[in-house]
Amino acid sequence: MPSLPRLIFRAANVLDADGTRPGSTVVVEERRITVVQQGPILDVGPLDRLIDLGGRTLMPGMVSSHFHATYHELGSRPTPFGLEEPPALQAVRAANNLEKLLRCGFTGAVSAGAPFAIDAAMKLAIAEGLFPGPRLMAGSNDVSTTGHAGDKSFPWYWEVQAMGAINRCDGPAEFRRAVRQEIKQGAEIIKMFVTGGHGTVAPSEQIEMTRDELSAGIEAAHQRGALVRGHIANREAIHLALDVGIDVIDHGDGLDDTAIERMAESGTFLVPSQLFPKRFAEMMDGSGLGFGASMARDIERALDILPKANDAGVKLLCGDDYGALGLPHGHYADELEFYAKEAGIPPLDVITWATRNGAELMGRSHEMGSIRSGNLADMLVVDGDPLADISILQDEARLLAIMKGGAFVKDELAPLEIPERDRVSGAVQ
Ligand SMILES: [Zn+2]
């Protein structure tokens with residue numbers, strides 16, 4: 001008999017990137033999953049908590065792989081990027097948004113950028129237990145050149161001293177310095193604005209940095225074990241970034257067949273994050289200003305090529321610009337339905353983007369992202385089958401339990417619990 005009480009799920013419909021395994025038993029001891037097997041477990045101890053899932057889904061916690069914890073109605077004010085609000089208020093917002101993300105079933109998050117080293121502080125605060133939050137890979141300021149799209153919000157005649165979300169640098173040497181500075185402040189993934197487009201004020205054809213600058217930044221990051229992600233919205237820049245070994249392509253507008261082949265080969269990640277432009281275009285359409293239609297065409301093109309990238313084995317990820325105008329924080333799983341319905345991606349594949357692929361981006365696929373013995377118990381109990389209807393992941397009432405490292409963030413399993421007295425009666429195996 002085990003010395004510590006265990007958590008035992010029986011009759012679970014286990015769902016992860018490997019598909020479904022109905023009728024499974026999953027055992028959690030302390031932080032980790034220790035057993036995943038078919039059929040019942042026979043040695044249930046008196047202290048063990050036994051939960052009969054009755055065919056309900058047990059799946060890995062999801063990962064948002066493009067997350068801006070500080071974004072708040074971004075784009076609604078003519079303020080320099082990252083200086084919209086006082087840093088302390090931004091930090092409180094970040095804590096609040098990270099907790100929201102976790103409560104929506106995302107036990108992991110990879111930042112796509114935040115100012116004032118707020119992400120690194122959030123990571124420490126979560127580890128200290130100051131608030132419930134996901135496992136976080138901390139992001140950086142936006143490392144890019146003088147006058148790039150993000151820097152344009154700093155008109156020169158304002159003589160703004162603080163740089164907000166921008167780490168401005170020019171030339172390979174300054175790119176190395178900027179990247180090292182970000183890593184020193186705790187960034188684990190460096191954000192670079194490689195092009196304009198996709199919601200920025202510069203055109204998508206505009207490449208914001210030279211090959212040498214990008215290459216130097218990537219080399220400096222990799223030397224210190226950090227990743228580099230690039231906001232990229234044209235074909236030429238996708239190929240340039242692949243040439244110099246970028247880790248993550250954000251948006252990837254302009255993706256073509258050759259790029260798909262190269263990305264499948266190199267294992268470069270792609271975060272399409274097309275829900276923000278979609279919502280923004282809808283908002284603009286309603287405003288009567290009229291440029292929603294051209295955005296809608298770009299989105300359609302981007303969505304058209306996604307099934308091809310997915311079938312070719314490109315490592316796709318979920319995550320989007322929540323907190324930007326038109327896409328408020330708080331409904332993160334709607335993205336999964338969006339890709340299933342609007343791009344025709346099979347639900348199991350979208351779930352794979354949000355679980356196994358996200359864990360791989362975090363460098364933790366050996367212990368996260370699937371329901372496997374030895375993995376951390378980052379898991380969700382879902383009332384229903386997300387493969388039959390992926391929209392149920394958005395329904396908080398259907399998320400009966402959220403666990404991170406074996407600890408419950410949400411626990412509404414009491415009605416499914418089998419009390420000890422019923423176990424010995426022989427009614428329960
Ligand atoms: Zn973003």
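Biologist: Which residue in strand 7 does F67 stand opposite?
Modeller: S111. Bear in mind that this is a predicted model.

Biologist: Fine. How many bridges do strand 6 and strand 7 pair over, and is the sense parallel or antiparallel?
Modeller: They pair over 4 bridges, in the parallel sense. Strand 7 covers residues 106–111.

Biologist: What holds paired strands together in general?
Modeller: Strands of a sheet pair through backbone hydrogen bonds, either parallel or antiparallel.

Biologist: And what sheet do they belong to here, in what order?
Modeller: An open sheet of 3 strands, ordered 6-7-8, with parallel pairing. Strand 6 (62–67) and strand 8 (135–137) are the edges, each pairing on one side only. From one strand to the next, the twist averages 15°.

Biologist: Which helix lies across strand 6 and strand 7?
Modeller: Helix 10, residues 347–361. It runs at about 60° to strand 6.

Biologist: Switching to the whole chain. How many helices and strands are there?
Modeller: The chain has 11 helices and 18 strands. Its radius of gyration is 22 Å, close to the 22 Å from the globule rule for 429 residues, so the chain is as compact as a globular protein of that length.

Biologist: What does the C-alpha trace span along its principal axes?
Modeller: About 80 × 40 × 40 Å.

Biologist: How much of the chain counts as buried?
Modeller: 53% of the 429 residues.

Biologist: Last one, contacts. Among those between residues at least 6 apart in sequence, what share joins residues at least 24 apart?
Modeller: That share is 69%.

Definitions and conventions
Residues numbered from 1 in each chain as written. Predicted model: local features only at pLDDT ≥ 70, side-chain atom pairs only at ≥ 80, totals over all residues. Pairing = 2+ DSSP bridges. Helix = DSSP H or I, 4+ residues; strand = E, 2+ residues; numbered from the N terminus. Axes fitted to C-alpha atoms, helices over the stretch in contact; angles between N-to-C directions. Contact = placed C-beta atoms within 7 Å. Rg over C-alpha atoms; globule rule 2.2 N^0.38 Å. Buried ≥ 20, exposed ≤ 12 C-beta atoms within 10 Å, placed from the backbone.
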